[in-house]
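These are my notebook entries on one structure.

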Amino acid sequence: MFFASDNGGPVHPQIMQALTAANEGYRVGYGADAEMDRVRDMVREIFEAPEAAVYLVPTGTAANSLALATMCKPWETIFCSTRAHIHEDECNAPEFYSGGAKLTLVGEGDKMTPEALRTSILLEENRGVHGPQRGPLSITQVTELGHVYTLDEIQALTAVAKEYGMSSHLDGARFTNAMITLGCSAAEMTWKAGIDAVSFGGTKNGCMGVEAVVLFDPSLAWEFELRRKRGAHLFSKHRYLSAQMLGYLEGDLWLETARQANDSCARLAEGMRAIDGVNFTTTPEANLFFAELPRRLHKKAFEAGAYYYIMSGELEGDDPEEMLLARFVADWSIGAEGVDALLAAFNA
């Protein structure tokens, strides 16, 4: 009954097998391994982008920060939502790796609108040398509240960015969960929708620790390579990153694990809708949602062994009916058994 984060789940056995296979013998280091050649070809095929530059790093923070630093000069600003992952959860890493580029927070909530983006853009690059210049747009998909940008919404945002000569980045830590929700292809959610670079997540979807950075403009490749090395994210024994991504992509495992996570989340949400006192504060769209429950229900769940994050309020308190906000995240491995066990605890 672990619903705290999809970072907490196990590595998929197929990926562990790929790591074991890569552990035999010797390989050239620093990304020159044969596994990486296969990964590059597979990612290009998945994204329908034969000229794309493809790189691997161990964390989502590294993927986002190095990609944005490659797309952004130190005197520019990155436009993102007020709840963007790069703003809330990366300890100013994008600012650090870009050499000081700032973040401009757009609108309110977790999803930007074209109107709010345009307003924010027009407030910058109008003070000459004294103010920040316009840098890239960054979109978090799935959002931190579990919402999914539609293809039309992505296209509308990138169209505004392009009006002002700005590039667009997609933070896809939960990329495949969003793809499954939308029923689209990787290409449709990225370059066909105006995205110039994507952080293609694996860690949250069954990998041990690997993310791919896909640059649809290959002219950015060499700068990214230099920034990755300078930023201490070029693995010497790179084959262990390559093997993870290879195991993740082979046989469409990446689609299977995301579908499992989304299905488990939908099953949990459906079951919780039937429980008296549950109030959803976000609409379940991918593999996470937020809901308020009375303290008495939280206590039942935790006493039965459940684990998830209470975002506001304290588990211990005098009022059993006080509503406490919680986040529920389903990973690929939780399955119907784990979902039903949590629902049984709530209903006990």
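The entries below follow the order in which I looked things up.

**Entry 1, the model.** I note that this is a predicted model.

I searched the whole structure and found 15 aromatic pairs. I then examined Phe175 and Phe200, whose ring centres are 5.4 Å apart with the planes at 85 degrees, so I recorded the pair as edge-to-face. Phe175 belongs to helix H8 (residues 175-182) and Phe200 to strand E6 (residues 197-201), so this contact ties together parts that are 25 residues apart in sequence. I found both Phe175 and Phe200 buried. One aromatic cluster takes in Phe47, Phe175, Phe200, Phe216, Tyr248 and Trp254.

Phe302 is partly exposed at 24% relative accessibility, whereas Tyr308 is buried at 2%.

I located the charged end of Lys111 over the ring of Tyr149, 5.3 Å from its centre. Arg273 lies over the face of Phe280, at 5.3 Å from the ring centre.

I counted zero disulfides. For Cys72, the closest cysteine sulfur is that of Cys80, at 11 Å, which is too far for a bond because a disulfide requires sulfur atoms within 2.5 Å. Cys72 is buried, at 3% relative accessible area. The sulfur of Cys184 is 18 Å from its closest counterpart, in Cys265, again too far for a bond. Cys184 is buried as well, at 11%.

I found a nonpolar surface patch of about 380 Å², made by Phe2, Tyr307, Tyr309 and Met311. Met311 lies in strand E10 (residues 309-312) and is partly exposed, with a relative accessible area of 44%.

Technical notes
Residues numbered from 1 in each chain as written. Predicted model: local features only at pLDDT ≥ 70, side-chain atom pairs only at ≥ 80, totals over all residues. Heavy atoms only, no water. Patch = residues over 30% accessible without salt bridge, like charges linked within 9 Å, V, L, I, M, F, W, Y side chains within 5 Å. Areas by Shrake-Rupley, 256 points an atom, 1.4 Å probe, with all protein chains shown as cover. Salt bridge = Lys/Arg side-chain N within 4 Å of Asp/Glu carboxyl O. Helix = DSSP H or I, 4+ residues; strand = E, 2+ residues; numbered from the N terminus. Buried < 20%, exposed > 50% of the residue type's maximum accessible area, 1.4 Å probe, protein only. Phe/Tyr/Trp six-rings, centres within 6.5 Å; stacked < 30°, edge-to-face > 60°. Lys NZ or Arg CZ within 6 Å of the ring centre and 35° of its normal.
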